Each structure stands twice: as C-alpha cells, then as structure tokens.
Amino acid sequence: MSSEGFHPHPELSPLCDRLWDADKNRLTPGVHYKIDPQGRTRFHSRQDHARDPLFSFVDPEVFQWPTYKRFVALLDNYESETGQGEVVTQHEVRENQVFIDVIMETEPMKIAHEYLANKGLMPRDRAQFKRALYSLWFTMYRRTRGVREMDSSAFEHVFVGETRNRAEVIGFHNWIQFYLQEKRGLVDYKGFFPSRRKRHVSSEEESMNQLITIQFNWKGDVKPIGSSFIGTSPEFEMALYTVCFLAGDGEEVHVELDDYDVKVKTHHMGKYLGSCFPQCP
C-alpha cells in the first residue's frame, strides 16, 4: 500500500518494477553483503552516531562480475572538486564505451531501450542508442558558474560524487563507490535516517533495506543527507535513472519497486542530466 502523498506513476511505475525484477545481478542482503546502520541521525547533527563502517562485508567475487568490474574501472577517472577541469583520455573514453557495451547485454537495459525507443525518446538502432546513452551520461559540462573548464558529468555526479568549495559533498548516490571509498578510509559513515513511515525502525531491520538514507563525510567534506540503493547492479541504476529522466513528466517520479515506494528525483543542468537519485517517501 502506498503512503499518503505518494502516487505511483501509472506507466513508469510498472515499467520500473519490471526493471527491478529483471535485475539478476542485484545482491542479496546477508548473503552477498551486510551493512551495519547503527545509530539514527538528523540533518543538522554533526555528531557521529556510528562507530563502525556502514559495510561489514561485501563478497569480493561480486566485483569480478562483468558489469560490476567495468563499472569500478570508471570510478577513478574523475577529479572530485567542482570547478577543476576534467581531462578525459582516450583510455577513459574506451572504458566508458566498454561499460556501455557490457550493460547493454543485460535485461534491465534491454527493457529500458525498448521502452524509450517505442516512445520516440531514444533511437531504436542499437549503435545509435549506445551513442545517445554515452552522450547522456558522459558528456562533460560546466557545473560551476564562472569557470571555463568542463568540470562535471552526469555519471560523475550521480555515481562517483563531487565536492564543492572543499566543504560539501554533492551527488554520490551509489553504494559501490561508497563501499570502495569507505574501505580506503576516505568515507566516514555517521548514521542513518529512518523512513518517515517507520520512525522506530531498528538498526537490524534497516540493515535488510535496499534503499537507505544516510549521513557521511567524504574526504573530510560533509554529506548531511544522501540516499541510495544498496546492492542493486550498475545496469539497473543506469536503466532506472535514464528512463525516469527521459520519460518522467517532472523532477519527481513515484515508482513502486517490489515492496519499496521510491521517489526518483531528477534534475536538469541546462539540457544535460544534472542529477538523479532515489528517495524514500
């Protein structure tokens, strides 16, 4: 049953639920990984409500799966501080292309391609679709006013994360990046925000959720509140966000994914995809 004020999109919600069901590379909590949410926090709190890392473990074999392996290869291609120009090498371009090639073999991306092509929102030709997908996610643009350099892209913002004014974390909505940065000691997890519908959820209950809202520091900069899926595959998130950005009729798309009510928030940066992330209602 949907919560008050939550109205699933009549067309996109069933489609996105298909994407969720088709995500055969989604991890299982307690089997492929375990998180330890620990203490609850609040937006303005700067206290540490979590002594330990968020991730207790992730099965290392996961990172040998083709889409995960190609995704991880992209995460070190960016300079996190906005306003600093990005240099994209031919090697990095090729890594991006290979990643798209690999995810295009998966069911979530095939479903997304078929839907967007039928709507006339993306080319039906497979090669043209891949080029359009590359342009959507990897085209560099200016996120910072007053600078000449191209300093950002949709992929960098959503999946890698950025810092602004060396004080604030923006973007950074991907659990794989979070886990790898936490493992390197660059992320300090501070605590979780319980769902508005479940104010008294325990840490143990929260550990089984695959959509979580948290607070953390990254490289010393603060993310006061941020949400992401946990355990979902790179191809699912690429498919979901691409569909919601191109086919959504606003900056917020309400979808039901299995037992989860999810608000997918999308933001434009001019004609580009500025940000996209899930949110608990």
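Q: Is the crossing of α4 and α9 left-handed or right-handed?
A: In this predicted model, helix α4 spans residues 107–118 and helix α9 spans residues 234–247. The two pack with their axes 8 Å apart. Their crossing is left-handed.

Q: Are α4 and α9 roughly parallel or roughly antiparallel to each other?
A: Helices α4 and α9 pack at an angle of about 15°. Angles under 35 degrees count as roughly parallel. The two helices are therefore roughly parallel.

Q: How many nonpolar residues does the contact of α4 with α9 have?
A: From α4, the contact is made by Pro108, Met109, Ala112, Tyr115 and Leu116. Helix α9 contributes residues including Glu235, Phe236, Thr242 and Leu246. By class, one residue of the contact is polar and one is charged, while the nonpolar residues number eleven.

Q: Why is one side of β8 and of β10 left without a neighbour in the sheet?
A: The open sheet has three strands in the order β8-β9-β10, with antiparallel pairing. Strands β8 (252–257) and β10 (272–279) stand at its edges, so one side of each lacks a neighbour because each has a single partner strand.

Q: Which residue in β9 is the bridge partner of Glu252?
A: Strand β8 pairs with β9 (residues 260–269) in the antiparallel sense over six bridges. Within β9, the bridge partner of Glu252 is Lys265.

Q: Which helix packs on the sheet, touching β8 and β9?
A: Neighbouring strands of this sheet are turned by 25° against each other on average, direction ignored. The helix that touches β8 and β9 has a direction making about 50° with that of β8. This helix, residues 12–22, is α1.

Conventions
Residues numbered from 1 in each chain as written. Predicted model: local features only at pLDDT ≥ 70, side-chain atom pairs only at ≥ 80, totals over all residues. Heavy atoms only, no water. Pairing = 2+ DSSP bridges. Helix = DSSP H or I, 4+ residues; strand = E, 2+ residues; numbered from the N terminus. Axes fitted to C-alpha atoms, helices over the stretch in contact; angles between N-to-C directions. Contact = heavy atoms within 4.5 Å. Parallel < 35°, antiparallel > 145°, perpendicular 65-115°, else oblique. Left-handed = near helix turned anticlockwise from the far one by under 90°. Nonpolar A, V, L, I, M, F, W, Y, C, P; charged D, E, K, R; others polar.
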